[in-house]
Amino acid sequence: MNLAGIKNHFTNWRGWEMNPIVIKELRQGVRSWTVTGMLLLFLVVLFVTSIGFLLTQSFEISQNMQLGGSMFSAFMVILAGASIFFIPLYTGVRVAAERQANNPDLLYVSTLSPFRIIFGKFLCSAYIAVLFFSACMPFMAFTNLLRGVDLPTVFFILFFLFLVVCAANMIAIFLACLPASLPFKILFALGGLVASFLIIGSLVGLSFEFMRSGVGAMMTGKDFWVGTATTVGIGLMITGLFFVLSVALISPPSANRALPVRLYLTAIWLIGGIFAFIWVVQTGEAERLTAWTVPTFLIMMPALLVVISNEDQLSLRVRRTIPQSPVKRFLAFFFYNGAAGGVLWVGGILAATYSLAASAMVYFPKKVYSSPESSHWFATTAFYAFAYGLTALFIQRKFFPRRPAKLTGLLAVLLAGGWAIAPGIVLFFVNQLSWKSIDRFQPGNIFNVFSIRDEPDVLNHEVLAGIWLLVMIVVNARWLRRQILNFQPAVSGTAVSPPPVPR
Amino acid sequence: MKVQVKNLRKEFGKTVAVDNISFSFDSGHVFGFVGPNGAGKTTTMRIISTIEEPTAGDVLLNGISVCEEPELARRAVGYVPDTLPAHADITVHEYLDFYARAYGLRGKKRTQAIEAIEEFTNVTGIRDKHLKALSKGMKQRVSLGRALVYDPDVLVLDEPAAGLDPRARIELRELLLLLAERKKAILISSHILTELTEICNGVVIIERGKILETGTIDDVLKKSSPRRTVAIRLLEGNHHPNLLKELLQTPFVENARDVASEIHFELTGDESAACDILGDLIAKKYKIIEFRQTKQNLEDIFMNVTKGGVQ
């Protein structure tokens, strides 16, 4: 949409209509006995709890200064339980049912984009959350009259709880969108239930802490706002990540699924980096960068597995969108579908993170607990991960060229996992398996990097991983070059795809 | 609206689902798409409906390529899949309303479009019923209504008559003929070939992803059965033992045989040859009360040209 289009969109605000998915989902939600039944049950529980408190507690202020606080805590637990446990489950099951149904693409026959579909599902779950929150509101407002809790604390806790519910809803939508069979989805749901109990537990603990300290009193300090903004920012980033992942999952296979995900991850990497560097400059402590480097590493490792599982051959629709300009085409190569571009993208981000972190250590040496060991650990693990990934790509290309590309990621995991387990199994059968044997240097074992303590072994690992990676780069160089050269826009009007490119 | 399928090819891994097929049909035409299970019909239909992308080739809808401009092409196609709508907790009206909204119909235009479609597909009486509570026939009507709600020029129907009772089939057939009158270009796949013969102007017979026959129904019939079978019925008691022998000696007659109370033979000549044979028999005092050519139908042709192979 160009500037005139955006202007036109906002001038005609009277003609705006709600996302059709939201309307459909809400209509279904209102009719569904699951939602209405749960809401009624929720109200009954709140009512019975209130009655229980009022009948058993004294209203004498001198006797009970904390009645409001106690009631609020109880309501908070009930609300957290209902919203974190029920709403994500309901949302996830609904999305999964549509994906699992015998006609999964019926929703996608329309001109609705995957973005609008996922946004609609998310928005609907947020509306249901609002419904539960608003049902709880009168009870919570009542607690304020009984003392023991201040209004800022009430709103602050509710605001945080709502954000957590929204994030949980988004994760549930993502899990439901995963192309897994029903048993796997049931497993995901069970995992989600366990996770929601943990979230509820920690949230309740946190809210008790806020109630004890009183949010109103903390609001005057700068740290409170910085902490709140950071937490909210991280929460939104995580929600956004699962949002773009879900959009990519439901996009047709011929779409450029990688583009929004890689752009989003690059954007949050940049934003996170900027904030981390501001923090480093303010404190003069380079170690603060770990708040950026560690999440980057943790996200990029699974990202590497995903990108090596990309098909080499781009669909016609994607090829038609490759820019003509060489500079734009060069940039697009990193963000478009395809294993080669993906590997370079992950490599680029990790290399940039490592270089920037290393520079920061030089310029801000104060209180650096990020000893050389941690940088070795970072580099060695990254080297091994790339070496395994490129080895899997080579094996897939040479021995299973007709098999789907998603085999590559699995192959990399099997290689790394197999090589890590094999020595242990052998040692077990020769009766030599011990903690000491696990701690010992095991060449090629990516997990061994985390268990060894001797510095020479750490270096040995780094050198070995580096050499292996170099060999794999050489082995894959021709393929990589071919992929770069083949990254050309399809000529409009020719609907015939090029012959399959050998990987 | 002209729909042109050009050198379409679709591969799923090693399997070639659609192998370089080309055909075209126009507004006001009902085009039958026939083939055994696994022949590539659904894949082709999904490509035309922009749900799948071809490995090679293209489909042009009035010149709009489904590969180059799928969003634009999608607005021109109404797709009725081979499965029925099964959304829970939603009424017929709300279902149609959702799709009307999804296709960007707004305000009064949307209300009018939905009402018109409900009336056309005869679901006005059940508009407030839940989808799950509907019969197969009714669900099929709703599915057709969904595909029509934004008034597309092309309709792609995948096995719409499957599982319907005879009344529902007849009603569906009438709806399709009405739609053809409204200048929609319709592509329909079905295993009920007798019905297709009645409503289709043209047909494509496909097997293992390849086209075996294509053209107008008459052309395909003529092409695949140059010989006609002629049946003769004589007045009861007038059966003459020499008739079979005499017929076999007649030019353009082959394979004369007794079939029940009739005599059947293959006519290798044209219609004037049939006239000559009839004249000759009458001259020979045979009391003929019926002399008719039995035409092959789509079912016969389908059985002749296909081998029942799947991929």
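1. In chain A of this predicted model, residues 24 or more positions apart account for 81% of the contacts that have a separation of 6 or more. The chain's secondary structure comes to 19 helices and 0 strands, and its C-alpha trace spans about 80 × 60 × 50 Å along the principal axes. Of the 503 residues in chain A, 33% are buried.

2. Helix 2 of chain A, residues 20–31, can be checked for its length: at 1.5 Å a residue its 12 residues should span 16 Å, and since the C-alpha atoms at its ends lie 17 Å apart, the two values agree.

3. The buried residues of this helix 2 of chain A are A:P20, A:I21, A:K24, A:E25 and A:G29. Because these residues cover an arc of only 165° around the axis, they fall on the same side of helix 2 of chain A. What covers them includes helix 3 (33–56) and helix 5 (114–145) of chain A, together with helix 3 (92–102) of chain B.

4. The largest nonpolar core holds 140 residues, of which B:V156, B:I186 and B:V203 touch the most other members. Helix 6 of chain A (residues 151–177) gives the most to this core, with 17 residues. Leaving aside residues up to four places away in sequence, B:V203 touches B:F31, B:G32, B:V34, B:L196, B:I217, B:V220 and B:L298.

How values were computed:
Residues are numbered from 1 along each chain as its sequence is written. Chains are lettered from A and ligands numbered from 1 in the order in which they are written. This is a predicted model: local features need pLDDT of at least 70, side-chain atom pairs count only at pLDDT 80 or more; totals for chains, interfaces and linings use all residues. Helices (H or I, at least four residues) and strands (E, at least two) are DSSP runs, numbered from the N terminus. The expected span of a helix is 1.5 Å times one less than its number of residues. A residue is buried if 20 or more other C-beta atoms lie within 10 Å of its own, exposed if 12 or fewer, and partly exposed in between; C-beta atoms are placed from the backbone. The arc is that of the directions from the helix axis to the C-beta atoms. Two residues are in contact if their C-beta atoms, placed from the backbone, lie within 7 Å. A nonpolar core is a set of buried Ala, Val, Leu, Ile, Met, Phe, Trp, Tyr and Cys residues joined through C-beta atoms within 7 Å.
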